[in-house]
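This report is for a reader who has not seen this structure before. Please look through the sequence and the model first, then read on.

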Amino acid sequence: MDNQQTGNVNFNESFLITGKDLVLDKNLIVKHPTVGEIFSLGNGLYYEDAYWSFVQVLTSDPYNSMVELDDDGIDYVTMQPFDLFIYHFKKYSKDKKSNFFSIMLDAIHFFLGINYLIPIYLDDIKDYVLVDNCNLDKNKQLNLKVLITRQHFNVIVSFIKAINKISDEDQIKPATVSLRKMLVQDKREEIQMRLKYPDKNDDYIGKLISATCFGSHCFSIMDLDKIKIYWLFEALHIANNKDYTDHLLNGMYFGTVDSSKINKEELNWIK
């Protein structure tokens with residue numbers, strides 16, 4: 001199977017299927033969570049909201065924050081995920097009325113196993129880094145266990161997107177500034193509508209579990225503590241592809257589908 005392109009980094013599908021954590025160095029490990037670990041979030045009742053808020057915080061996609069950035073006088077296309085994470089950290093660490101900063105810290109702890117990160121600007125690289133403390137050693141050098149650069153963060157973002165099968169393909173990419181402003185306004189109205197008419201709490205992960213455990217019988221409901229989140233998404237993806245292929249083949253066999261009009265790639269349920 002082809003490598004999966006997610007964000008800035010290619011992750012081979014065979015690596016994602018292993019369910020292994022992503023080891024960037026001995027003190028920087030990105031968790032590939034199990035369903036059981038996700039269930040433990042939000043006191044077990046609100047795990048869905050908690051998990052996806054953690055994913056959103058650490059993927060830090062400026063596209064999803066375009067309205068907030070526009071309100072703050074920033075064009076979202078000028079930011080990368082690392083820039084947005086630093087921006088949110090500095091903004092919400094000072095905002096005592098918002099719980100966003102505590103969500104950021106919880107997300108860092110869940111995925112990285114780190115209790116706290118601090119953004120500091122390094123003159124020698126002319127960029128920010130995230131560190132676990134600002135203590136100096138006897139030589140007045142930072143005494144760090146963890147140092148996350150922009151490159152590290154891009155890999156973290158790509159990995160979290162990969163294991164949750166998050167794609168940017170549906171994002172609109174306006175060609176001009178005026179079209180971009182129209183998109184921001186559309187998103188603003190969409191947010192206002194959601195506030196006025198909130199969506200029902202949709203247990204997406206719960207539905208994935210039902211589909212893969214009871215519908216396609218890929219997993220046993222007794223093994224939820226061991227099932228990695230990527231396995232859940234991939235199992236449903238493959239099961240849906242196989243069902244579609246089976247329907248095509250049945251149609252071709254019984255003459256209800258014209259085989260001459262079928263692209264052979266549609267019969268490849270492993271894709």
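## Helices and a loop residue

In helix α3, the buried residues are Tyr 47, Glu 48, Ala 50, Tyr 51, Ser 53, Phe 54, Val 55, Val 57, Leu 58 and Thr 59. The model shown is a predicted one. With 10 of its 13 residues buried, α3 is mostly covered.

| Helix | Residues | Number of residues | Span, first to last C-alpha | Expected span at 1.5 Å a residue |
|---|---|---|---|---|
| α3 | residues 47-59 | 13 residues | 18 Å | 18 Å |

Which residues of α8 are buried? They are Arg 180, Leu 183, Val 184 and Arg 188. These residues lie on the same side of α8, because they cover an arc of only 140 degrees around the axis. An α-helix has 3.6 residues a turn, so residues three or four places apart point the same way. Helix α4 (66-71) is included in what covers the buried residues of α8. On the face of α8 turned away from the buried side are the exposed residues Met 182 and Lys 196.

The next topic is a pair of packed helices. Such a pair is described by the angle between the two axes and the distance between them. Helix α5 (residues 81-92) packs against helix α6 (residues 100-112) at an angle of about 130 degrees, and their axes are 9 Å apart. That angle makes α5 oblique to α6. The crossing in which α5 passes α6 is left-handed. From α5, the residues Phe 85, His 88, Phe 89 and Tyr 92 take part in the contact, and they meet Phe 100, Phe 101, Met 104 and Ile 108 of α6.

Lys 20 sits between α1 (13-18) and β3 (22-25), in the loop that joins them. Is Lys 20 buried or exposed? Lys 20 counts as exposed because its relative accessibility is 52%, and the cut-off for exposed is over 50%. Leaving aside residues up to four places away in sequence, Lys 20 touches Phe 15, His 32 and Phe 159. Lys 20 and His 32 are 12 residues apart in sequence, and their C-alpha atoms are 6.3 Å apart in space.

Conventions. Residues are numbered from 1 along each chain as its sequence is written. This is a predicted model: local features need pLDDT of at least 70, side-chain atom pairs count only at pLDDT 80 or more; totals for chains, interfaces and linings use all residues. Side-chain values use heavy atoms; hydrogens and water are left out. Buried means under 20% relative accessible area, exposed over 50%, partly exposed in between (1.4 Å probe, protein chains only). Helices (H or I, at least four residues) and strands (E, at least two) are DSSP runs, numbered from the N terminus. The arc is that of the directions from the helix axis to the C-beta atoms. Contact means heavy atoms within 4.5 Å. Axes are lines fitted to C-alpha atoms, for helices over the stretch in contact, and angles run from 0 to 180 degrees between N-to-C directions. Angles under 35 degrees count as roughly parallel, over 145 as roughly antiparallel, 65 to 115 as roughly perpendicular and the rest as oblique. A crossing is left-handed if the near helix is turned anticlockwise from the far one by less than a right angle, and right-handed if clockwise. The expected span of a helix is 1.5 Å times one less than its number of residues.
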